[in-house]
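Hello,

The structure we talked about is pasted below. My notes on it follow.

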Amino acid sequence: MELTRVYFIKTYKVISDKGVHPGQASLLRLVSGEGGLSQKEIAQKLNIQPPTVAVSIKRMEKSGWITREIDKNDKRISRIFITESGIQIVKQVKISTDDMDTVVFSGLSDTEKCLLRRILIQLIDNLRATIDEKEFKEVMQHFSEHHDKVHSRCKKEDK
């Protein structure tokens, strides 16, 4: 837990200095690799609620990192694409996170890194085996609702 907390704090600092919110980084990476996704598809792939995606897209569109285009076959659907500016942000964030990974794993041999990875995967698998799909979805729904409330307050403050 401490590693996750410290890593998140450092990641937040590094990428927020570039004007990127941590949740936006994963969305930008996804859209840079799979342009043309709908908001619903993005929400499913990132396992986040559609209202959260909508808020992030609006902010990133304002920043000039993504664009929306109406689907040619279904006018109700917007397709999301990354802009050249967004591609540059993704590259900057990747460089920063690669630099952080270098720091995190400094002093570990390749063998130790492989062993650590294997152990962490085993721990994750052990925990996942104790959580059924319904329970997982309920917890994620509760977390997303809380997260959306926070974003809603931020959105009001942005106006």
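A residue is called buried under 20% relative accessible area, exposed over 50%, and partly exposed in between (1.4 Å probe, protein chains only). By that rule, tyrosine 12 is partly exposed at 38%, and phenylalanine 8 is partly exposed at 47%. This is a predicted model, where local features need pLDDT of at least 70 and side-chain atom pairs count only at pLDDT 80 or more, while totals for chains, interfaces and linings use all residues. Residues are numbered from 1 along each chain as its sequence is written, and side-chain values use heavy atoms, with hydrogens and water left out.

Aromatic pair. Rings of Phe, Tyr and Trp (its six-membered ring) pair if their centres lie within 6.5 Å; planes under 30 degrees apart are stacked, over 60 edge-to-face, and the rest tilted. The structure holds one such pair. Phenylalanine 8 and tyrosine 12 have ring centres 6.0 Å apart and planes at 35°, so the pair is tilted. Both residues sit in helix 1 (residues 2-16), four residues apart, or about one helical turn. Helices (H or I, at least four residues) and strands (E, at least two) are DSSP runs, numbered from the N terminus.

Strands. Four of the five residues of strand 3 (residues 78-82) are buried, so the rest of the structure largely encloses this strand. Two strands pair if DSSP finds at least two bridges between them. Isoleucine 80 is the bridge partner of leucine 37, and phenylalanine 81 that of threonine 67.

Regards
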